[in-house]
Amino acid sequence: MKKKAERAFRAAILPLLAGLLPLASCGGGDESARPQEKVVLEELDPSGQEVVFWYQHTREREDELLRMIEDFNRTNPHGITVRGEYAGKYNDIYNKMIVGLQGGTLPHLVVAYQNQARAYYQEEGIVDLNPFMVSPKWGLDSQARADFFQPFLKQDNIDGVQTGLPPNRSMEVLYYNIDWLEELGFDAPPATWDKFAEMCRKAKEQPFSKSPDQSRSLGFLLEIDASRLASMIFSVGGDLVDAEGKGYTLDTPHLRQVLGRMMGLMGEKAVGIVSEDYGDQKEFSVGQVLFALRSSSGLPYFKSAIEEDGVGFRWGVTHLPSGPAGPVVNVYGASISVCKIAPEGQLAAWFFLKWFTEPAQQARWVRASNYFPVRKSTAQELVEYFVENPQYKAAYDLLGYGKSEPSVAGYQQVRRLIQDAMVDIFDGGDVDQVLERLETAAGRSLAEQ
Amino acid sequence: MATRRGRGRSWLIYGGLGLWATVSSFPFAWMLLSSFMTRGETLRRVFVPEKVQWANYVQAWKEADFGLYFENSVLIAAMQVGGTLLFSLLAAYPLARMEFRGRNAVFACILATLMIPESVTMVPNFLTVTWLHRSSPFAWLNSWPALTVPFLANAFSIFLLRQFLRGLPGELWDAARIDGAGHFRFLFGILLPLCKAPLLTVGMFTFIGSWNALAWPLLVTNSPNWRPISVGLQQFVSEAGAEVHLQMAGAVIATVPVLLIYFLIQKEFTEGISMSGLKG
C-alpha cells in the first residue's frame, strides 16, 4: 500500500523534475544579433526599423523625452520607430545591460556613463560610433562635428573608439547664498580656498537672519561622494588619474591638501558631512548652510526649494575656488551608446541620436531638463532661456573650464573605494595609511579589468 | 521581597521592550508624518506637519501611476504566494514523511542553495527565462511568467514546511492508510488543514519578498504593463533632488498591504516560526 502510494507520488513529481532539467543547460546570447561580416554603412537601408532606447529619466524629463520621440517617429523620412523605455537608475541599467549581454537581449540605444560604456565595449555590447559620424551619406558634416563641445565628445572617446554620443552634460557647481554672504560682509563668492574657509568660519559664528533654526549654522556640508572629491581635487590642479589616464593617482599632495582642509574645517565645526540623501540641498534652501556643491542638473530643484518652499533669498552658482592655474569644473554626464545589434538597427539608432543632438532638439531638451546642450550653436536658440534663468547662464558660462572624471572601466568600483576612504579619514583614520591602501586597491581594481 | 524584585525585573524588561519598540517604530512614524507634510516642511525638517496634506497621496498615486503598479504587484504577489505554497509543500512532504534513498542528500542540497546570494542566481535565472521566452509559444519576458515562475519554490519555504511536517505524529499516516488514503490524499486532506500556521508564514515571507522586489522586475520587464509598485516609488528620486513628501506618501501606500496582512495573520505567523524550530 505504502509502496503503491509512493509510486503514484513519484509518477506525478518526476516528469515535473525532468521537464525542468533542460533549463539548467540553457542560456547564451543570440549570436545572430552579432554580425561578424564587414558591412558597408552606405549600402544599408534603415527603413521601417524599430529602435528600443533604454533611459533613466522619470516624470517631467521622461514626459518631454517621450514627446520628442513621438515627433521623431512622425517626422523621420525612413519610417523609423523609436520606443523609449524607462530601465531604472544608472546602476539598474548597467545590471540590465550586463545580464542582457549574456542573454542576447540588448536594446538599440542605451544611456551609459563612460566607464560603463567602456565595459560594454570590452564585452562587445556596443559599437564604435566613428564610422557613423564620418559616413558621407549618413554622418555629421564637418561643420556639425565642429559644433559639438569637443571636450564632451572626447569624454566618450576611449583609445580612439567613440563609445557614445553625449545628449547633454551637467557639471558640479558651487551654490551660494548671496544674502547671507552680504550679511557676513562679503560681496562675492570665494575666489580662493582660503577665502572659502574664512567664509565658512564666519557662517558658523553668524547664522543667516532668515534661517528658521538659528542653532544650526554651517559653511558647507560635504557629501561622501567621489564626484564631490574629484571636483575639489580638480580645483586645486590635481587629478584622479595620471597624465595618460591609464593609472590611478590617489595618494597625492592634492588629495591630502583637499582632505586636510576639510578635516580642519570639520574640526572647527564650520563644515559638516551630509548625513541624508540631498541633505545639503535641503539645508541650503532653508539658509542653514552657506554653500552647497552639487550637480547643475539640480538647478530647478534649488530654485523651487529656495523660492517656493524655502526661506527665500538671493542665490547664485559659480565654480569652486581655484588654484593658481585658474578655475576648473567637473563636467560629467551619461552618453548614449548604440548596441551591437543588426547593422540596420544600428543605423536607425544612429539616426535618432543624430537628430537628438541637433540644435533645435537640444534647445528643447535643455528647456525640459535644464541640462547643458552639447552643441555650441544651441546657445542661439536659448537667448530667452538664459535671461529667464540667470543661474543656468552663469553655470553655462563655466563650460569652458570643464574637466572630466576618469573613463576607465571599473571606475564605479574605485568610486566606492574612494568613498570608503573618505569615511575612514573623516572618522579619524590615519591619512597616510588610508590613501596608500586606496591607491593600491584602485590599482588592483584596474588590473582586474 | 522576592515579589518586589520580580516586579522590578518585569518593569525593567517591559521598559526595555517599550523603548526598543519606540525606537523600532520611529522610522515608520517619520515616514507617516513626512507623507503629510508640504515640501517646505520636509526641507525645514519639522517633525509634525502643521496641516495634514492629504493631497500628497493623491498626487503620488497619480504621478507615479500607482494604480497600475499596485494592481501588478497584487497579481504578481498572489501568483507567487500560491505557487510557492503549492510547490514548497510538494517538495517538503517527501523530505519529511517519505523514506527514500538520498533523502538527506537532497535536503542538504536544497539547504545549500540558501547560501547562494540572490545576485549570483540572477544571471542564470535571466538566461533561463530568456531561453524560455524564445522557445515557448507564449511570452515570458515583459509578462507574468518571468516575474513569478523563477520564485515558485525556495529553499527556506521547503525547510520551514519540512520542519513542521516532521513534527506531526506518525500515527496520522497509519490511520490514513487504514482508511485507504494515498500520499496525495493524506497530504491535501489531512495534513494541509493542520499546516495553517507554517503555510501562512511561508505565504507572508513570499508576499513580502515579491512586494519589495525591484532588481528582478526591472531586468525582465521593459514597460509599466507588468512592473510592480517598487518601480513606481523610484519615480520620486531624480538626479535633481528627492521629493521626500511624495516619496513617503508612496512608501506608505506601498507598505499598507504588507502591514494589513501581517496584522491579520500575526498570531499564525509567530506560531509558524516557533513551530519550525527557528529562533527570531
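Predicted model: local features only at pLDDT ≥ 70, side-chain atom pairs only at ≥ 80, totals over all residues.
The points below take you through each chain, then the places where parts of the model meet.

**Chain A as a whole**

- Taken along the principal axes, the C-alpha atoms of chain A fill a box of roughly 85 × 70 × 45 Å.
- Chain A has 449 residues, and 45% of them count as buried.
- Among the contacts in chain A with a separation of 6 or more, 75% come from residues 24 or more positions apart.

**A closer look at Val110(A)**

- To find Val110(A), go to strand S3 (residues 109-112) of chain A.
- Is Val110(A) buried or exposed? A residue counts as buried if 20 or more other C-beta atoms lie within 10 Å of its own; Val110(A) has 30 C-beta neighbours inside 10 Å, so Val110(A) counts as buried.
- Leaving aside residues up to four places away in sequence, Val110(A) touches Trp54(A), Ile93(A), Met97(A), Ser337(A) and Cys339(A).
- Another residue to look for is Gly164(A): 54 residues separate Val110(A) and Gly164(A) in sequence, and their C-alpha atoms are 9.2 Å apart in space.

**Chain B as a whole**

- The box filled by the C-alpha atoms of chain B, taken along the principal axes, is roughly 75 × 70 × 30 Å.
- Of the 280 residues in chain B, 37% are buried.
- For contacts in chain B between residues at least 6 apart in sequence, 74% join residues at least 24 apart.

**A helix pair inside chain B**

- Helix H4 (residues 66-97) of chain B packs with helix H11 (residues 196-212) of chain B at an angle of about 140°, and their axes are 9 Å apart.
- That angle makes H4(B) oblique to H11(B).
- H4(B) and H11(B) cross in a right-handed way.
- From H4(B), the residues making this contact include Ile76(B), Ala77(B), Val81(B) and Leu85(B); from H11(B), they include Leu199(B), Val202(B), Phe207(B) and Trp211(B).
- Sorted by class, the contact of H4(B) with H11(B) has eight nonpolar, seven polar and no charged residues.

**Where chain A meets chain B**

- The contact between the chains takes 38 residues from chain A and 33 residues from chain B.
- Four helices of chain A give two or more residues to the side that touches chain B: helix H1 (2-24), helix H3 (90-103), helix H12 (279-285) and helix H13 (299-309).
- H1(A) gives the most to that side of chain A, with seven residues.
- The side of chain A that touches chain B has 15 nonpolar, 13 polar and ten charged residues.

**One helix pair across the two chains**

- H3(A) packs with helix H6 (residues 118-135) of chain B at an angle of about 50°, with their axes 9 Å apart.
- H3(A) and H6(B) are therefore oblique to each other, and their crossing is right-handed.
- H3(A) makes this contact through Val99(A), Gln102(A) and Gly103(A), while H6(B) uses Met122(B), Val123(B), Phe126(B), Leu127(B) and Thr130(B).
- In the contact of H3(A) with H6(B), the residues divide into five nonpolar, three polar and no charged.

Key
Residues numbered from 1 in each chain as written. Chains lettered and ligands numbered in written order. Contact = placed C-beta atoms within 7 Å. Nonpolar A, V, L, I, M, F, W, Y, C, P; charged D, E, K, R; others polar. Axes fitted to C-alpha atoms, helices over the stretch in contact; angles between N-to-C directions. Parallel < 35°, antiparallel > 145°, perpendicular 65-115°, else oblique. Left-handed = near helix turned anticlockwise from the far one by under 90°. Buried ≥ 20, exposed ≤ 12 C-beta atoms within 10 Å, placed from the backbone.
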